[in-house]
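Reader: Could you walk me through this model with the cut-offs spelled out as we go? I would like to begin with the terms.

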Amino acid sequence: LMRLGKKIFLWVGFAIAVISWALWYKVKKMNVKEVFSLKDIQGNSTIKIDQWGVPYINASNDLAAYFSLGYMHAKNRMWEMQFKKMVSLGRISELFGIKGVDMDKYHRSLN
């Protein structure tokens with residue numbers, strides 16, 4: 001029974017080591033499509049975007065990381081923020097015409 005436990009422990013440890021190495025190798029060989037360097041009052045940060053559009057943020061402190069995260073949200077999701085603003089103000093018919101009038105009436109009644 002003890003030998004079976006040792007074998008399982010060794011195989012699990014080996015699997016963890018192989019997976020860790022594969023992830024490290026993937027990150028090391030990451031195909032970087034874009035790199036941004038941001039400098040602000042809080043500190044410096046670098047944003048690398050891989051081939052799948054996933055951003056990786058390296059920052060000198062927490063405030064610089066938060067600023068970089070906000071920058072990426074604004075860069076990638078500005079249309080969504082603008083759309084939600086127009087919905088909440090009851091101005092969706094400006095985009096979709098007569099089809100959005102009922103929704104606009106409803107949202108304007110909430111204000």
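Author: Let me start with accessibility: a residue is buried under 20% relative accessible area, exposed over 50%, and partly exposed in between, using a 1.4 Å probe and protein chains only. This is a predicted model, in which local features need pLDDT of at least 70 and side-chain atom pairs count only at pLDDT 80 or more, while totals for chains, interfaces and linings use all residues. Residues are numbered from 1 along each chain as its sequence is written, and side-chain values use heavy atoms, with hydrogens and water left out.

Reader: Okay, is R77 buried, exposed or partly exposed?

Author: R77 counts as partly exposed, because its relative accessibility is 37%.

Reader: And by how much does helix 2 bend at R77?

Author: By about 80 degrees, where the bend is the angle between axes fitted to the seven residues ending at a residue and the seven starting there. Helices (H or I, at least four residues) and strands (E, at least two) are DSSP runs, numbered from the N terminus. Helix 2 covers residues 62–89, and its end C-alpha atoms are only 34 Å apart, short of the 40 Å that a straight helix of its 28 residues would reach; that expected span is 1.5 Å times one less than the number of residues.

Reader: Which residue does R77 form a salt bridge with?

Author: With E80, the closest N and O atoms being 2.6 Å apart; a salt bridge here is a side-chain nitrogen of Lys or Arg within 4 Å of a carboxyl oxygen of Asp or Glu. R77 and E80 are separated by about one helical turn, because they are three residues apart in helix 2.

Reader: What else does E80 pair with?

Author: K84 also forms a salt bridge with E80, at 3.2 Å between the closest N and O atoms, and these two residues are four apart in helix 2. E80 counts as buried because its relative accessibility is 17%, whereas K84, at 52%, counts as exposed.

Reader: How many salt bridges does the structure hold?

Author: There are three, and one of them joins R91 to E94, with the closest N and O atoms 2.9 Å apart. Through shared partners, R77, E80 and K84 form one network of salt bridges.

Reader: Changing topic, where does S45 sit?

Author: S45 is in strand 2, which spans residues 44–50, and it counts as buried because its relative accessibility is 3%. Its C-alpha atom is separated by 26 Å from that of S20, 25 residues apart along the chain.
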